[in-house]
Amino acid sequence: MQDLIKEITAVFGPSGSEEKIREVIKNKISDYVDEVETDKLGNLIAYKKGNGQGKRIMLAAHMDQIGLLVTHIDDDGFLRFTNIGGVKPHRLIGQRFIFADGTVGTVGVEKVDEEKDIKLDKLYLDIGASSKDEATKRARIGDSVVYYPQFNLSGNRIISSYLDDRIGCIVLIKVLEELKESPHDIYFVFTVQEEVGLRGARTAAYKIEPDLAIAVDVTATGDTPKAPTMAVSLGDGAAIKIKDSASITHPMIKELLISTAEKYNIKYQLEVLERGGTDAGSIHLTKGGIPSGTVSIPTRYIHSPAEMADLGDVEESIRLLTKLLEEEIE
Ligand code: CO
Ligand code: ZN
């Protein structure tokens, strides 16, 4: 699985530019599904047929990454940018970023009096060009960049850029590989544009109109020095979300996840995330309402280039979803 994580987290795909990662995932899953299509917004929807007795279930993990988008190129060849999704300005300084074509740059900062003055408009991307002419040969307005891929394994923990939410994509891929028989018609959806407002999941849910839906995404933890109080820790198992700022898990889904975990001795923890959301936030508000929930992979340093998750938690999340899908649902 480490190799798969290393491969998938390194594929370019910021919100709105998910073409490459979609192809990679499509190739990994096509042997395991009955149908696969790309919808009009770019979501990859893979369908696995049930036996006609079960429910219509949607699983969602987002393919897109946070990043930066070029807004201006100055006469000296420096690039200014805006954010794609939630980036913290002071965390960008000194980081390497990569364009779709492999061009690499690093982020520098103008002279500021105090650290708190570091806003996006004080930062620039330096791609090593010495003039506007040279820069425009390598970058255009509207181009986007993502953190230069970095992956390490430290004990049982992965340190990587873009565990959010490529680790969720990997959970879905693994569930597909491991799922033997299921009574349910299952839609494995790899969504676009989650990081800019849970957008792809909305149209996918509308089209699929599932009986129930489960998003798979990362969640924050409370287990680091003086972290905000939160009862989620790395290594304590799959996190079953109760609430975040975009959704409250439907009671039926909550019970289904908890009872499945209990029945199969799957390590789990209950999660309340005070800020943040997942694709479930837009899915559950679709059409007449869709009972939805989220299985989360506990992750430290979310949206930094060095996110950290525990391999055991990933395994437990895969088991939880696989077992849930194998059984009848009342
Ligand atoms: Co995110
Ligand atoms: Zn995410």
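Asp 164 bridges the cobalt ion (ligand 1) and the zinc ion (ligand 2), and these two ions lie 3.3 Å apart. This is a predicted model, in which local features need pLDDT of at least 70 and side-chain atom pairs count only at pLDDT 80 or more, while totals for chains, interfaces and linings use all residues. Residues are numbered from 1 along each chain as its sequence is written, chains are lettered from A and ligands numbered from 1 in the order in which they are written, and side-chain values use heavy atoms, with hydrogens and water left out.

**The cobalt site**
- The protein donors of the cobalt ion (ligand 1) are Asp 164 (OD), Glu 195 (OE), Glu 195 (OE) and His 303 (NE2), at 1.8 to 2.6 Å; donors are N, O and S atoms within 2.8 Å of the metal (3.2 Å for Na, K and Ca), and since water is not among the atoms, sites may look incomplete.
- Asp 164 in helix α5 and His 303 in the loop between β16 (292–300) and β17 (307–310) link distant parts of the chain, 139 residues apart; helices (H or I, at least four residues) and strands (E, at least two) are DSSP runs, numbered from the N terminus.
- Asp 164 counts as buried because its relative accessibility is 5%, and His 303 counts as buried at 18%; buried means under 20% relative accessible area, exposed over 50%, and partly exposed in between (1.4 Å probe, protein chains only).

**The zinc site**
- The zinc ion (ligand 2) is coordinated at 1.9 to 2.6 Å by His 62 (NE2), Asp 164 (OD), Asp 217 (OD) and Asp 217 (OD).
- The arrangement around the zinc ion (ligand 2) is irregular because its four donor atoms subtend angles of 51 to 145°.
- Asp 164 lies in helix α5 (residues 163–178) and Asp 217 in strand β13 (residues 212–219), so the pair ties together parts that are 53 residues apart in sequence.

**Helix α5 and the whole chain**
- Of the 16 residues of α5, 14 are buried, so this helix is largely enclosed by the rest of the structure.
- The protein chain holds nine helices and 17 strands, and 53% of its 330 residues count as buried.

Methods:
Four donors count as tetrahedral if all angles lie between 85 and 135 degrees; four count as square planar and six as octahedral if opposite donors are over 155 degrees apart and all others between 65 and 115; anything else is irregular.
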